[in-house]
There are 2 protein chains.
Amino acid sequence: MYLEKIDSPADVKKLTVDEMTALAEEMRKALLFRLSKHGGHFGPNFGMVEATIAMHYVFESPKDKIVFDVSHQSYPHKMLTGRKESYLDADKFDDISGYTNPEESEHDFFTVGHTSTSVSLASGLAKARDLKGEEGNVIAVIGDGSLSGGEALEGIDFAGEMDTNFIIVVNDNDMSIAENHGGMYRNLKLLRDTEGKAECNLFKAMGLDYVFVKDGNDIPSLIKAFEGVKDSKKPVVVHIVTQKGKGYAPAEKDKETWHWHMPFDPETGKSLYDAEGEDYGTVTCNYLLEKMQADKSVCAITSATPTVFGFTPDVRKKAGKQFMDVGIAEEHAMALASGIAKNGGKPFYGVYSSFLQRTYDQLSQDVCINKSPVTIAVFAASVYGMSDVTHLGIYDIPMISNIPELVYLAPVTKEEYLAMLDWSLEQNEHPVAIRVPASLVSDGKPFTKDLSKLNKYEMTQKGSQVAVIALGSFYGLGVEAAKLIEEKTGVKATVINPYYITGIDKEMLESLKADHKTIITLEDGVLEGGFGEKIARFYGDSDVKTLCFGLEKKFYDRYDPAEVLKENHLTPEQIAEDVIKTL
Amino acid sequence: MYLEKIDSPADVKKLTVDEMTALAEEMRKALLFRLSKHGGHFGPNFGMVEATIAMHYVFESPKDKIVFDVSHQSYPHKMLTGRKESYLDADKFDDISGYTNPEESEHDFFTVGHTSTSVSLASGLAKARDLKGEEGNVIAVIGDGSLSGGEALEGIDFAGEMDTNFIIVVNDNDMSIAENHGGMYRNLKLLRDTEGKAECNLFKAMGLDYVFVKDGNDIPSLIKAFEGVKDSKKPVVVHIVTQKGKGYAPAEKDKETWHWHMPFDPETGKSLYDAEGEDYGTVTCNYLLEKMQADKSVCAITSATPTVFGFTPDVRKKAGKQFMDVGIAEEHAMALASGIAKNGGKPFYGVYSSFLQRTYDQLSQDVCINKSPVTIAVFAASVYGMSDVTHLGIYDIPMISNIPELVYLAPVTKEEYLAMLDWSLEQNEHPVAIRVPASLVSDGKPFTKDLSKLNKYEMTQKGSQVAVIALGSFYGLGVEAAKLIEEKTGVKATVINPYYITGIDKEMLESLKADHKTIITLEDGVLEGGFGEKIARFYGDSDVKTLCFGLEKKFYDRYDPAEVLKENHLTPEQIAEDVIKTL
């Protein structure tokens, strides 16, 4: 056993090539052990084992600084930099995050979870090194899938003008999360096919030197290549061809399914948990497929995460040219949608809340200023969404709901969601975003509201003294709190489903003044800049009291939702208690 | 005279090459007439006269759709599409905007003012055309400077996979706003030097066909090239080499100064207005130069707009490697700054409020999650900033102040601004943004506040009943309103300079409850999601009344600030009146 003896990269340097090859096998076993029990990014890590060993053999981390793009492929690096126990001992799984993390190790330089950032971040490390007159190599490791992101391309262009040591390792496994999309991938194929010899070379065209490694899972080739560029005084790309999922047959075969995987039986590759029937992915997918058949101008856009709205490979095939995966390129996705809408198409763009952040300017400029009737479905926008600090879905309300012209809707039930989708695709006046609820609730009620009359809330229970305005995923919480208040005080609260995040129903809010003393708001996201504060401002000069419930503005990481809710006074009991104090 | 007879592109098609050449001269005269009196984008338009004539000669606008990137170069297009009077008749100057605008003409498809969007927007037009089974060419026109923006590169990569008609005209004048930066520009030079014959070709590497036009100011060459690609069924780049500022000697000579120009004497090229001494550009520049000399780890970053913080060519030379222009690449600029800060450098990034929008995700992920101590100076963040709808500086407070970990500061005076800059560059705890005030006020008072004690406001006048919390550029307005209130009612208001946009001073706000009935907030930006609403929420459950003053969330376009302020109840008289009603 070699892995057990590796406490730092210094221990890697002591090994022979044969020993490193044996180490690679041990590392794959450790990866399989952890991932089959814990879940996580699978394919990218299995492909990068040898390259990571070779980098730590050749370079002197942490003096030489390796920055992993999106850090989906950083597990082998963690194993070799003092964190192997979290891959060998199930009790220590949770000692580490799924991403690079400077709090874990001096060998990690950034907390990274969004793609396409490594080149820019690493170029900054190199620049500071040069300003301070220091030495050492700076290495950015980026996958082919991440290359299509604008930030990566901006960074590579900048790197092409750097007159100093800067190494970009392009880990080319010919896959993004799903298959790659974009013209540049034909160039990568040309480079693979010609063993790097083709004259037309994207990286050279961006001003960089270039080295090709045919077998990026072969340790001697990798060592030779890295030694060749070590201490180089010019920016250089080392293009290594690796196999995603290498060493685990199911992952080699079905690369998309095994990009990230939940816990599974390592013998068979079967998931330990069944998907639990209907969710908003399948609901969206079924709706869109039907709609697309009836109307050829309807189309669906993804930026490399098609399955978030249920578009698995077979569905993508069915949708044909009415489906577009633009690759990791959220900015382009949003502007593309605007162009389609402006020429009479009906674009749907499904995106995670966290990745919507990458396209703020396009939403504002390309879409909203132009009043393009695009439909954006915002997924995992909830405290119940992803809980890694880099993937939180609790900031989108302040981010986008303050952009003029946008209509941001918060459905509560499946029926409301589908009605909103359909209204949005058929109307021609407004850019519309829909905040997909955290979990699927279906009440079977037909939704007949005329959504084109903007900012009209719905009073679902008429009471007095207290009004509960509960948005989207937190509507159910509002209903529960209202019940508790009635149980405890006899006061029957008014309950309101506002639907519209982007505007207030002045008429209804005005009418509440007559017989309400306290208005509370609930929203599934940070309070700062959000929905509740708009209500608080509305009532600011009146005698009505307001209490806003939501999350405190901060970065949460790997949390238990129940605990975070409690911390933020978001249990029905806490809400009721706070309200009762004002009565 | 030909121009006077051109009412639409159909009239261009009737002309001979000689007549078109004469038309080009007339168009330059008309441009000079308008721009010398009215100001506007100069160099880009002078360079694009012939190409615009040739496009309208060859293509059938509006069935064929031309999308101009950033639309700095769209004036010749406006002249040929029914809007010539606004270049010939001074009374009609204001009938048109400085950007493409669908409300002006069916030949304009988008309101565009940010760079790097044309390819993505136009690809959407092409996609909708294909979904609907329609015909026609779609043409994106993009300058070499705009190519470095991530959205453009994402769009070009996507275009490389389109299996349909799509034409990208790359207008290469070898300049951005200032000189170009990035490795790709060596490839453009190689292509110019080899007349497009070099094998290594950025556009081919992105999967596109490619045509080169050596003299992009020669009408016959352009017509030939456009006819060659018209109705093409494959995506293709037409790379035309033009001369920025062509036909006006001062603009040919000093391309940076003449990218955009205020009114001038056409005989001499001299500006009609003198720069009025000290402004925040020169103040920032002087501070940074001195700081850079004392500390080699200090560096300044711009994304293609160096003069916003006073970095004219001579200053850039002085700063040497401590200055970086990354080209139009805001995402990269922000991530680069984070990398520099994380490795012990002291990065300053100066950016317009409107363009800061392009880097929301990098600010959140690359900077704030990593707590990188970068310093961002946000310019033109005010109702008094730029007034074109695409360049407004009134949305940055809701956009960035709700991102965790960021400290967003609002200085009132030059002294406060410089102290904040210095504190920020020297501290190592927080990402800091500074909202540069609209106009320079200097009170000579040394600023001694300890800014590391976050969210501590300053009470500048102690009064009672009313408290005025007036942020940054609107502090003076708050003082004036307080005076008026005192004059009219005898009530001496408390006046507070909050400094911190990103947090509230709970202790001070709490203390105000004792002897204040009404708290008002003032901010120079939209109210929704902004500063005042946080105060309104704080007081929501108390007896204190709050009134928030700021701008209504909407898109304003080419406005008179005084009118917009009045519309939004933002004169001292209106504020006083509103406050007095609550007493």
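Tutor: Domain bounds come from an automatic or database domain assignment. On that basis chain A is divided into domain 1 (3-261), domain 2 (293-435) and domain 3 (458-582). The model is predicted, with local features needing pLDDT of at least 70, side-chain atom pairs counting only at pLDDT 80 or more, and totals for chains, interfaces and linings using all residues. Residues are numbered from 1 along each chain as its sequence is written, chains are lettered from A and ligands numbered from 1 in the order written, and side-chain values use heavy atoms, leaving out hydrogens and water.

Student: What separates the centres of domain 1 and domain 3 of chain A?

Tutor: 47 Å, taken over C-alpha atoms.

Student: What makes β14 and β18 of chain A edge strands?

Tutor: Strands (DSSP runs of E, at least two residues, numbered from the N terminus) pair if DSSP finds at least two bridges between them. The open sheet runs β14-β16-β15-β17-β18 in chain A, with mixed pairing. β14 (458-461) and β18 (545-551) each pair on one side only, so they're the edges.

Student: How do you know that β17 and β18 of chain A pair?

Tutor: Six bridges join β17(A) (residues 516-526) to β18(A), and the cut-off is at least two, so they pair. The two run parallel, and I520(A) has L547(A) as its bridge partner.

Student: Which residues does I168(A) touch?

Tutor: With contact meaning heavy atoms within 4.5 Å, I168(A) touches residues including V119(A), I142(A) and L208(A), not counting those up to four places away in sequence.

Notes:
Helices (H or I, at least four residues) and strands (E, at least two) are DSSP runs, numbered from the N terminus.
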